[in-house]
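This report describes strand pairing and helix packing in one protein model. The sequence and structure are shown first.

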Amino acid sequence: MPKESGHKKRILYVLKFLAERTDDNHGLSVQKLLELLKNAGINAERKTLYDDIEQLREFGYDIRLEKGKDGGYRLASREFELSELVLLTDAVQSSRFITEKKSAGLIKKLASLTSVHEGKSLSRQVQVSGRIKNMNETIFYSVDTLHSAIDGNKRISFYYFDHNRLKEKVFRHDGKLYTASPLSLCWDNEYYYLVAYDDETENIRHYRVDKMWDIKLLDEERTEVEGFSPAAYTDKLFGMFGGKESFVTLKCKDHLAGVIIDRFGKNIPFRLGDDGYFELTAKLVLSPVFYGWIMSFGGDIIIKSPTEAIEQLNKTATAVLDTHK
């Protein structure tokens, strides 16, 4: 083997061993590194190993030497800290739209981004089995297609389905083929949604991606919606339920200030009263989930306007009471 080729292979193995086997609590001595290289079929001397480590440092790798009994060389900085990998792992395992099989595969890949020692610790925290997970493995292909449509400025076609009480797939509107102009993808309440412009009704609608079937790119440019903001659109919704948009004035007890800030953000203006309440006005989508949210506070949030929202809340509350009598 030519000297230069052998050097390149050796230095790559040194980096591989440091990445896989070292972290803040685990190092590799020079002797151990030489043994690992020998097991990989590469003979090296201490001096060449020191030179390799110095070259890796010059290239930008944060390789440090810790003195002492349990010391040695270690890769001190990585692209992801362990705490960041734990956060990403939690997001993957708690997500309903990612199947159990895909969750396990993604978490395994995340674990490979740290040392084998921290990777084992990360895997021990994972509890995917038994959680409610989506059974539709095709969702990842769907997301890829939708990204391509948005990036390529193309319209799409698809079928949309629900499940009946026999848990069978039933396509909406007797198997109607939907067409739409995709605007953005958003993640809400552990599900992926497509926000799209419906050219037929001239409205913005959203669809759960795991319920979209046979998504295809059309050879037609999508309709652009001037001034559309994904964040502004989803902020109006409760639980991604559609409905009529309206300016709603709410009267809330003072102790719910934190709840309101969590829901609407700190920039929502409060009108403070002297009766233990404050008021706010926000543009919202009136939906069953919105009325359920209001009722969940047991009278501590009052709808002041519009009248149609007050009337619908009373109808919804009465229906719930009548059903449970």
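## Strand pairing and helix packing

In this predicted model, Arg271 has Glu279 of strand 11 as its bridge partner. Strand 10 and strand 11 (residues 277–286) run antiparallel and are joined by two bridges. Both strands belong to an open sheet of four strands, paired antiparallel in the order 10-11-9-12. Strand 10 (271–272) and strand 12 (301–305) each have a single partner strand and stand at the edges, so one side of each lacks a neighbour in the sheet.

Two helices lie across this part of the structure. Helix 9 (residues 257–264) lies across strand 9 (244–253), strand 11 and strand 12, and runs at about 30 degrees to strand 11. Helix 10 (residues 288–295) also lies across strand 9, strand 11 and strand 12, running at about 130 degrees to strand 12.

A further set of pairings involves strand 5 (residues 178–188). Strand 5 is largely enclosed by the rest of the structure, because eight of its 11 residues are buried, that is, under 20% relative accessible area. Strand 3 (residues 154–163) runs antiparallel to strand 5, and strand 6 (residues 191–198) also pairs with strand 5 in the antiparallel sense. The bridge partner of Ser157 in strand 5 is Thr179, while Ser184 has Val195 of strand 6 as its bridge partner.

The bridge counts of these pairings are listed below.

| Strand pair | Sense | Bridges |
|---|---|---|
| Strand 10 and strand 11 | antiparallel | two bridges |
| Strand 3 and strand 5 | antiparallel | three bridges |
| Strand 5 and strand 6 | antiparallel | seven bridges |

Technical notes:
Residues are numbered from 1 along each chain as its sequence is written. This is a predicted model: local features need pLDDT of at least 70, side-chain atom pairs count only at pLDDT 80 or more; totals for chains, interfaces and linings use all residues. Side-chain values use heavy atoms; hydrogens and water are left out. Two strands pair if DSSP finds at least two bridges between them. Contact means heavy atoms within 4.5 Å. Axes are lines fitted to C-alpha atoms, for helices over the stretch in contact, and angles run from 0 to 180 degrees between N-to-C directions. Buried means under 20% relative accessible area, exposed over 50%, partly exposed in between (1.4 Å probe, protein chains only).
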